[in-house]
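This report covers strand pairing and helix packing in one model.

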Amino acid sequence: MTARSYKRQTPKGPWDAIVIRSGMGGLTAAALLAKHGERRVLVLERHYTPGGFTHVFKRPGYEWDVGVHYIGGIEGREQLGALFDTVTGGRVRWARMPDCYDRVFVGGRPHDLVAGRRRFVETLSEAFPGRRADLEAYLELVQRSAGAGAPFFAERLLSPRVSRWIGAPLRAPLRRWSDRTVEEVVRPLARDPVLFDVLTGQCGDYGLTPREASFAIHAMVVGHYLGGAWYPVGGPGTLAEGAAEVIARGGGELYTNAEVEAIEMEGGRAVGVRTTDGRVHRAPAVISDAGAMATYLRLLPREVANATGLPPKLRAVGPSTGHLCLHLGFRETDDALGLDGTNLWVYAPGDREERFARFSEDPSEPIPVAYISFPSAKDPSFQDRYPGRATVEVITLARMAWFERWARTRWMKRGEAYEDFKRDMTERLLAILFEHRPQLRGKVDHAELSSPLSTEHFTGHAEGAMYGLAHTPARFRLPLHAETEVPGLYLAGSDLASCGVAGALFGGALAAGAVLRRELPGRLRSRVFGGLRRSAAREPAPATEATPKPKPRART
């Protein structure tokens with residue numbers, strides 16, 4: 001890793017650009033600027049390790065991912081693999097996960113989500129006889145909505161001034177879907193309530209229930225994995241390592257333990273940043289990967305932020321949910337333990353919306369969902385790096401409000417009551433794991449639970465948000481652009497695009513594209529921004545109860 005500690009060494013300019021934070025969005029923007037723009041970039045990361053949610057969490061003998069649990073689109077139409085190669089210098093290899101990438105448990109029964117549209121439909125049709133036409137119609141809407149995202153996100157490459165003139169037709173195709181919730185779009189198609197719960201079983205991937213979430217983000221997530229899922233060989237840390245090398249080869253530098261306190265302004269223009277030690281670092285371009293809320297509500301001077309009109313709109317949308325993650329280590333291999341790479345989504349019986357609401361208000365209520373991931377089983381290199389070991393993660397959603405009494409405490413020094421809360425949650429999450437993988441009972445060698453306080457401490461995300469801004473319909477109406485209304489300031493990361501590492505990757509590419517404009521090579525520009533050419537007029541409106549469902553496409 002080519003990162004340096006800000007505590008030990010002072011960055012020496014001049015810089016062509018400064019990137020705040022080193023999540024996937026910030027690393028992508030910096031790597032593309034260094035590789036294709038010949039810009040000398042300074043990346044400042046507040047944590048002691050770079051990578052944001054791509055970094056790995058280590059204890060003696062073990063390693064866990066903290067945010068990269070699976071990624072779709074590495075092969076096929078999305079071509080994310082090619083963009084990852086560009087950003088990481090080709091360093092990252094990808095291992096394909098099992099064809100059944102997600103297994104959703106509803107009412108105690110498993111239902112497999114299988115790679116490939118045809119197999120996806122056939123597998124669920126066996127479990128839900130007579131619903132094949134509904135499944136075909138559902139995927140048709142998913143693909144239409146996902147396709148409408150290309151011009152929408154390409155519009156975010158435009159400057160706010162240009163967008164006011166020509167942006168509306170580019171936003172319109174996705175708005176037809178994003179203005180409606182998952183419940184409103186999917187329920188008329190999935191009239192069987194169990195089928196509805198299965199089809200919306202990945203809602204934890206965007207952190208909202210079907211009644212709250214925009215259908216647009218649901219379609220993006222479903223479409224993203226429809227062709228299968230992959231995992232980085234060597235673990236997610238290879239993403240940051242590869243990007244850091246690309247940045248260094250371009251003359252840039254990446255510093256950890258470097259917290260940005262404010263964006264410096266002169267003459268109405270962003271001209272650099274000030275770190276918490278009082279030092280000012282200057283550059284003609286400042287790219288924030290800190291998230292839209294942190295950028296406009298904390299880093300920018302209040303009068304500058306208010307002049308954009310964004311602060312009240314961002315507060316109205318609010319941050320996404322937090323989460324609890326139980327990191328588990330075992331002194332046996334995945335093969336010996338009978339584990340594979342398929343993710344498990346385990347839902348408590350009963351009405352999902354009611355279960356989530358009750359748990360949100362009172363964490364002593366039954367846990368409504370647990371996502372169980374097997375990172376060591378996904379990574380074919382894990383046994384070479386950690387022989388005779390295996391890792392598991394059990395995740396559920398959590399609210400920062402549960403932790404208000406510990407808000408002013410320090411990491412690792414939050415007191416016995418906090419540790420008691422974590423021990424109770426650990427036992428409850430273990431009970432769900434052992435119900436579905438009973439062979440693991442009595443074999444846990446290491447267990448450690450992280451909370452939204454952990455996320456906030458290491459990432460600086462408000463309320464320990466897992467996915468940036470909440471993916472409600474209102475989020476997709478926010479006038480966010482890679483080139484902001486503040487001259488010299490650019491946004492990167494998932495708030496500019498969509499949740500997850502792939503969304504952050506794309507958001508970073510948008511930021512680099514806004515800085516470089518026509519300097520990006522044609523092939524890369526086409527790969528990332530080709531959706532700009534799509535015509536809004538070709539995108540049909542979504543089916544509703546008042547409009548006929550689309551007929552399945554004829555097979556050829």
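Val43 has Leu254 in strand 11 as its bridge partner. The model is predicted, with local features needing pLDDT of at least 70 and side-chain atom pairs pLDDT 80 or more, while totals for chains, interfaces and linings use all residues. Residues are numbered from 1 along each chain as its sequence is written, and side-chain values use heavy atoms, without hydrogens and water.

Strand 3 (residues 41–44) pairs with strand 11 (residues 253–256) in the parallel sense over three bridges; pairing requires at least two DSSP bridges between two strands. Helices (H or I, at least four residues) and strands (E, at least two) are DSSP runs numbered from the N terminus. The open sheet has six strands in the order 1-11-3-2-15-21, with parallel pairing. Its edge strands, strand 1 (4–5) and strand 21 (489–491), each pair on one side only.

Angles run from 0 to 180 degrees between N-to-C directions, and axes are lines fitted to C-alpha atoms, for helices over the stretch in contact.

| Helix | Strands touched | Angle |
|---|---|---|
| Helix 1 (residues 24–36) | strand 2, strand 3, strand 11, strand 15 | about 165° with strand 3 |
| Helix 19 (residues 500–516) | strand 15, strand 21 | about 150° with strand 21 |

Elsewhere, the axes of helix 2 (residues 80–88) and helix 9 (residues 237–249) come within 7 Å and cross at roughly 55°. Phe84, Thr86, Val87 and Thr88 of helix 2 meet Leu239, Gly242, Ala243 and Val246 of helix 9. After helix 9 comes Gly251, with a positive phi near 90°.

Notes: Contact = heavy atoms within 4.5 Å.
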